[in-house]
Structure formats: structure tokens, C-alpha cells
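Student: Could we go through this structure together? I would like to begin with the backbone and then move on to other topics.

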Amino acid sequence: MSTVAVTQVPARLARFVLHMFRPWVYATYGLLWTLALESSAVSLTGTAWRPAAATWVRALSVILALLFLRMLDEQKDLAYDRVHHPDRPLVTGAITVAELRGGMAALTAVVTGLNAALSPAAVLLILAALGYALLLAALEHLSAALRERQLLNLAVTCPVQVLLGAYVYGSLAAAGTVTADWRGAVLPTLCVCVLLHYEFARKTAWETPPGARLYSAALGPRRSAVVTAAFAAGAVGCQIVLFLPDGPAGLLPCLTAVLPAWGLRRFLRARRGGWPLPLATGFVAGTHLALIVRAVMLP
């Protein structure tokens with residue numbers, strides 16, 4: 001690679017991030033997700049929660065981990081994108097595999113450095129999430145079933161999100177901010193259910209365009225819609241288990257359940273098109289915001 005080409009790499013990576021990562025979407029999600037999980041974990045101990053320097057380290061680490069995953073996904077999906085998404089940066093040559101891998105190495109170094117300031121446990125937990133993603137990419141390369149079967153692929157990719165949740169909660173426990181107990185399993189489960197609701201919603205439709213990877217193609221539109229709503233119900237169930245002892249004010253996040261219920265009704269009545277994504281997006285954002293507000297409001 002020439003000296004001129006090397007100097008262009010940061011700009012090419014920046015264009016990739018703006019085009020494929022959309023920081024205003026992914027960064028906002030990562031920030032809200034981290035704040036919701038941390039604030040809920042701390043408030044459940046009976047301690048008032050306020051963001052600290054470590055909070056922003058965790059939030060930035062999650063956002064950078066999401067970018068790492070986006071770069072990895074771009075490489076994993078290259079063969080599929082050549083056929084179905086010929087305008088993707090890796091297909092068009094706007095970015096190269098070597099440049100993406102260099103970016104991933106830089107991200108790994110940054111999150112390692114950030115979390116070294118927190119604790120060795122935080123370093124190990126965030127690297128475990130990134131390492132699992134790399135292992136999964138190798139498995140997908142070897143297994144056609146993992147690449148082509150949507151539900152199987154989801155089953156093996158979901159633990160990445162679980163590991164990120166374990167990172168946030170585990171780093172809090174390592175710092176002595178919370179005491180690890182059964183809530184350390186329920187809180188990340190809540191967040192994963194919220195994410196899976198959106199994941200299923202965006203891939204649930206009455207019709208399947210050629211080459212589209214939809215869960216409704218495997219399950220059928222109605223069953224896929226029921227699963228979409230069931231994940232939202234799972235999130236609400238986790239909230240009830242965690243927050244019911246705090247009384248009605250503690251159940252504020254449960255109010256967002258009206259959005260998936262409305263989405264299910266609209267989808268089943270329409271019998272065409274896909275799940276109304278604004279309602280799914282509203283459930284994700286609304287639940288996380290409500291969790292943060294709940295933690296701030298409680299004494």
C-alpha cells in the first residue's frame with residue numbers, strides 16, 4: 001500500500017462509519033442501553049445512581065464494541081452482499097477487508113486501554129464479547145447452515161449481546177458498586193429481550209422479497225409476529241420481577257408495552273407489508289429511557 005493510500009485510510013474508515021454504522025443511531029442505542037443497565041443495577045441496591053467517569057468508559061466501550069461488530073458483519077456478509085447489496089462499501093471497494101481489520105484492531109486496543117483504568121475483570125469481559133464475535137465469524141465461514149439458517153444464526157449470535165450485558169454488570173460488580181446476585185442475570189435478559197423484539201420486528205413481513213433474510217420466511221408471518229411480541233412481553237416480565245417491590249413508580253418502564261401491542265394489532269390487521277418499525281424503535285428507546293428515568297427518580 002502506498003504512502004498516499006495509507007494516509008487515506010482514516011478518511012475511508014470515517015466514511016464507512018458514517019454510512020454503515022450511523023453513529024446517531026448506534027451510538028445513541030449503545031449509550032441508552034449502557035445507562036439503562038447500569039442505572040437499574042445500581043438503583044436495585046437501594047443506592048442513588050448518578051453517572052460517573054466509569055459510566056462513560058462503559059458506554060464508550062459498548063459503542064466501540066458495536067462498531068467492531070458492524071465491521072465484522074460487513075466482512076461476514078460479503079458473499080451475500082455481492083448478490084443482494086452491490087452498493088455496500090466492501091463490495092464497491094470504498095473500504096477493504098484489510099482496512100476494516102485494521103480498524104477492528106485499533107478498536108480492540110482502545111477498549112482494552114479504557115477498561116484497564118477500571119479493572120482487569122472489565123478488560124476480560126469486554127474482550128470476551130469481542131472474542132466470541134470473532135469465533136462466531138470463523139464458525140460461520142465453516143458452516144453453511146450457520147450462514148443460511150436465520151434462526152440458528154440468531155441463536156449463536158445472541159450471546160454477543162449477553163456478553164456485553166455481562167461486561168456492564170460485571171464491571172460494576174468488580175468495582176464494588178453492586179453485589180452480584182440473581183439480578184445480574186435478569187437485567188441483561190431484559191435488555192436482550194428489548195433488542196430481540198426490534199430484531200424480529202425488522203425482519204417480519206407478510207411478503208418475502210427474493211433473497212431477503214426474514215424470520216417470517218422461516219416461521220410464517222403470524223408466528224414471527226407472535227415471537228416479536230413475545231420478546232417485548234419477556235422484557236416487561238423481567239421488569240415486573242425486578243421492580244414490582246418498588247411499587248407503581250417502579251413499574252414505569254412497563255408502560256412502553258403499549259407500543260408492541262399496538263404493533264402486533266396493526267401487523268395482523270394489515271395482512272401486508274412489515275411490522276411497523278417506528279413502534280418497535282419507540283419500544284426500544286422508550287424502555288431504555290424509562291429505566292433511566294426510574295433510576296433517577298427513585299430516592
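**Backbone, core, cysteines and surface**

Tutor: A residue to begin with is R271, which lies in the loop between α13 (258-270) and α14 (277-297). Please keep in mind that this is a predicted model.

Student: What is the phi of R271 near?

Tutor: The phi of R271 is near 60°, which is a positive value in a residue other than glycine.

Student: And is R271 buried or exposed?

Tutor: R271 counts as exposed, because its relative accessibility is 53% and the exposed class begins over 50%.

Student: Which residue has a positive phi of about 45° although it is not a glycine?

Tutor: That is R22. R22 sits in the loop between α1 (3-21) and α2. With a relative accessibility of 36%, R22 counts as partly exposed.

Student: Changing topic: how many residues are in the largest nonpolar core?

Tutor: The largest nonpolar core has 63 residues, and W33 and M71 have the most contacts inside it. Helix α3 (residues 53-76) gives the largest share of this core, with 10 residues. In soluble globular proteins, nonpolar side chains tend to be buried together.

Student: What does M71 touch, not counting residues up to four places away in sequence?

Tutor: On that count, M71 touches L13, F16, L100, G103, M104 and L107.

Student: Next, the cysteines. How many disulfides does a search of the whole structure find?

Tutor: The search of the whole structure finds zero disulfides. A disulfide is a covalent bond between the sulfur atoms of two cysteines.

Student: Why is C238 too far from its closest cysteine sulfur for a bond?

Tutor: The closest cysteine sulfur to that of C238 is in C193, at 5.1 Å. A disulfide here requires the two sulfur atoms to be within 2.5 Å, so the sulfur of C238 is too far away for a bond.

Student: Finally, the surface. Which residues make the nonpolar surface patch of about 320 Å²?

Tutor: The patch is made by L18, W24 and V25. Of these, V25 has its place in helix α2 (residues 23-43). V25 counts as partly exposed, because its relative accessibility is 36%.

Technical notes
Residues are numbered from 1 along each chain as its sequence is written. This is a predicted model: local features need pLDDT of at least 70, side-chain atom pairs count only at pLDDT 80 or more; totals for chains, interfaces and linings use all residues. Side-chain values use heavy atoms; hydrogens and water are left out. Patches are made of residues with over 30% relative accessible area and no salt bridge: like charges are joined within 9 Å, nonpolar side chains (Val, Leu, Ile, Met, Phe, Trp, Tyr) within 5 Å. Accessible areas come from the Shrake-Rupley method with a 1.4 Å probe; for residues, only the protein chains shown count as cover. A salt bridge is a side-chain nitrogen of Lys or Arg within 4 Å of a carboxyl oxygen of Asp or Glu. Helices (H or I, at least four residues) and strands (E, at least two) are DSSP runs, numbered from the N terminus. Buried means under 20% relative accessible area, exposed over 50%, partly exposed in between (1.4 Å probe, protein chains only). A nonpolar core is a set of buried Ala, Val, Leu, Ile, Met, Phe, Trp, Tyr and Cys residues joined through side-chain atoms within 4.5 Å. Contact means heavy atoms within 4.5 Å.
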